[in-house]
Amino acid sequence: MKALVTGASSGIGRDITRELLRLGWEVIVVARRTDRLHALKEEAPDRVQCVRCDLSRTEECLKLHEVLQPQNIDMLVNCAGFGLCGFFDETDLATEIKMIETNVMAVHILTKLFLKDFIAKDSGYILNVASIAGFFSGPLMATYYATKNYVVSLTGAIREELKQRNSHVHISAFCPGPVATEFNEVAHVKFSTGPISSKTAAHKALGGVLKGKPVIVPSLKIKSLKFIRRLLPDTLITQMCYHFQKKKQ
């Protein structure tokens, strides 16, 4: 079995790769930082293939699928992404556009192209790493929350399409809360509540997609947030999100 993992140079993507290797999979790891990919390859030289790709560039996403399609991928893990914190009128537009290209466009393109391959052989797994943020509006991280809303919505829609066609292809959205990765450093925030480890997140995510779970939420605390979302008015939920994000700054 062979998996493709984007954003594999650190955090959840790196630990999903390690979990796949532990289960005996071959893994193609994709990121911009090739030094980190090669360090990962040293952990299982015969079962890790490194590919440098800037997923914020549409042409590189298309080329990635073109090059890897002959390798008969069995699982796609869309893990590459980043965030940014600040008032929407003050955050850098160029950075936000790159975030949309990475968090949304790359996920959209790779999901569509590899989904076609999986449907053709009627097997395969797609794991889209989203966030609990995908169920909320996020003042002070408006663009990031919006990108994760897109991923959650897209994944859910595709899942129902597959179900209606009796397909054996499985697609899941992984929606964690805080995870101890480089995300905070990149987004210029700090967690106001204790994060889970990226190793724990990876174990939960991979276990969930292999069991065919539609939405994977790794902790009871985060599941409770999703439940509360159904009970309270949108305006109150958004106000709560603002104060939650404010504590991160």
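**Entry 1: getting started**

Before counting anything, I noted that a contact means heavy atoms within 4.5 Å. I also reminded myself that this is a predicted model. With that in hand, I looked at contacts between residues at least 6 apart in sequence, and I found that 64% of them join residues at least 24 apart.

**Entry 2: the whole protein**

I looked up the secondary structure next and found 9 helices and 9 strands. How does the radius of gyration fit with a compact globule? For 249 residues such a globule would have a value near 18 Å, and I read 17 Å for the protein, so the two agree. Along the principal axes, the C-alpha atoms fill a box of roughly 50 × 40 × 30 Å.

Of the 249 residues, 49% are buried. I also looked at the charges: there are 33 positive and 24 negative ones, and their mean positions are 8 Å apart.

**Entry 3: into the cores**

Which residues touch the most other members of the largest nonpolar core? This core has 29 residues, and the ones I wrote down are I16, L20, M75, V77, L127 and F174. I then asked where the core comes from. The elements giving two or more residues to it include the strands β1 (2-6), β2 (26-31), β4 (75-78) and β5 (124-129), and also the helices α1 (11-22), α2 (34-41) and α7 (198-210). Helix α7 gives the largest share, 5 residues. Apart from this core I found another one, of 25 residues, with L64, L68, I126 and I171 among them.

Leaving out residues up to four places away in sequence, L127 touches I16, L76, V77, N78, S172, F174, A205, V209 and I216.

**Entry 4: two loop residues**

My next stop was L232, in the loop between α8 (220-231) and α9 (234-248).

E90 sits in the loop between β4 and α4 (93-121). With a relative accessibility of 61%, E90 counts as exposed. E90 and L140 are 50 residues apart in sequence, yet I found their C-alpha atoms 9.9 Å apart in space.

I kept a general point in mind here: most residues other than glycine have a negative phi.

N72 is not a glycine, but its phi is positive, about 55°. I located N72 in the loop between α3 (58-68) and β4. Its relative accessible area is 47%, so I noted N72 as partly exposed.

Where does N166 lie? I found N166 in the loop between α5 (142-164) and β6 (169-174). The phi of N166 is near 55°, again a positive value in a residue other than glycine. At a relative accessible area of 63%, N166 is exposed.

How values were computed: Residues are numbered from 1 along each chain as its sequence is written. This is a predicted model: local features need pLDDT of at least 70, side-chain atom pairs count only at pLDDT 80 or more; totals for chains, interfaces and linings use all residues. Side-chain values use heavy atoms; hydrogens and water are left out. Helices (H or I, at least four residues) and strands (E, at least two) are DSSP runs, numbered from the N terminus. The radius of gyration is taken over C-alpha atoms; the globule rule is 2.2 Å times the number of residues to the power 0.38. Buried means under 20% relative accessible area, exposed over 50%, partly exposed in between (1.4 Å probe, protein chains only). Lys and Arg count as positive and Asp and Glu as negative; His and the chain ends are not counted. The place of a charge is taken as NZ of Lys, CZ of Arg, CG of Asp or CD of Glu. A nonpolar core is a set of buried Ala, Val, Leu, Ile, Met, Phe, Trp, Tyr and Cys residues joined through side-chain atoms within 4.5 Å.
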